[in-house]
Amino acid sequence: MTNIFNSIKDVDDQLSLIEQQIKLKRMSDNEAWLKAGGILDNFFTAFGSFVKNVEDNENRIKKVKSAFDYIHKKWFLRSSFMSRSFYKPCGYPGDYILLERIYVNKPMGIGIDRIMDRFALNRPGAKSIRMRKSLAIRLLKKAVYKNSFANGRINIIDVGAGSGR
């Protein structure tokens with residue numbers, strides 16, 4: 001259990017150092033992204049393994065969640081993207097603005113806040129939403145092409161679908 005707490009402290013210390021280096025202009029955004037991305041990827045891998053090993057111990061899980069909440073609130077919620085998805089200002093996590101941010105795929109903020117935004121936009125969930133859009137477009141084009149030869153008539157209905165992209 002101590003190892004995960006040491007890992008959380010290490011992540012906090014390393015991200016603090018990166019933030020300081022950015023502020024002092026000793027590290028470019030790209031260097032910071034590469035370094036922070038590696039740190040966060042390693043942390044999530046270790047955290048996932050750790051949770052699997054203690055999933056039967058409710059008391060340990062509560063302690064670990066509390067420690068993770070510290071990192072989450074201090075670092076991840078600095079990303080405007082993650083903050084919006086966490087606080088759900090429209091009542092649900094997949095609102096129009098959030099989906100637009102995923103489709104546009106441009107991190108916002110400055111310094112470490114921008115790095116956190118970039119990290120969030122490169123997670124599997126955001127990537128799958130962007131892929132879902134391109135798949136839908138590809139399938140529609142295929143159906144239109146196929147049906148245009150069949151009877152020359154194509155009917156498309158636009159169902160209310162969130163951002164409508």
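Arg 84 is found in helix H4 (residues 80–87). Helices here are DSSP runs of H or I, at least four residues long, numbered from the N terminus. This is a predicted model: local features need pLDDT of at least 70, side-chain atom pairs count only at pLDDT 80 or more, and totals for chains, interfaces and linings use all residues. Residues are numbered from 1 along each chain, and side-chain values use heavy atoms, without hydrogens and water.

Stay with Arg 84. Leaving out residues up to four places away in sequence, Arg 84 touches Pro 89, Cys 90, Asp 95, Ile 97 and Leu 98. Contact means heavy atoms within 4.5 Å. Asp 95 is 11 residues from Arg 84 in sequence, and their C-alpha atoms are 9.1 Å apart.

Now turn to two other helices. H2 (residues 29–54) and H6 (residues 112–121) pack at about 55 degrees, with their axes 10 Å apart. H2 and H6 are therefore oblique to each other. On the H2 side, the contact includes Trp 33 and Phe 44; on the H6 side, it includes Met 116 and Phe 119.

Next come the rings. Ring pairs link Trp 33, Phe 43, Phe 44, Phe 68, Phe 76 and Phe 119 into a cluster. Rings of Phe, Tyr and Trp (its six-membered ring) pair if their centres lie within 6.5 Å. By this rule there are eight aromatic pairs.

Finally, Lys 133 lies over the face of Tyr 103, 5.5 Å from the ring centre. For Lys, this requires NZ within 6 Å of the ring centre and within 35 degrees of the ring normal.

Notes:
Rings of Phe, Tyr and Trp (its six-membered ring) pair if their centres lie within 6.5 Å; planes under 30 degrees apart count as stacked, over 60 as edge-to-face and the rest as tilted. Axes are lines fitted to C-alpha atoms, for helices over the stretch in contact, and angles run from 0 to 180 degrees between N-to-C directions. Angles under 35 degrees count as roughly parallel, over 145 as roughly antiparallel, 65 to 115 as roughly perpendicular and the rest as oblique.
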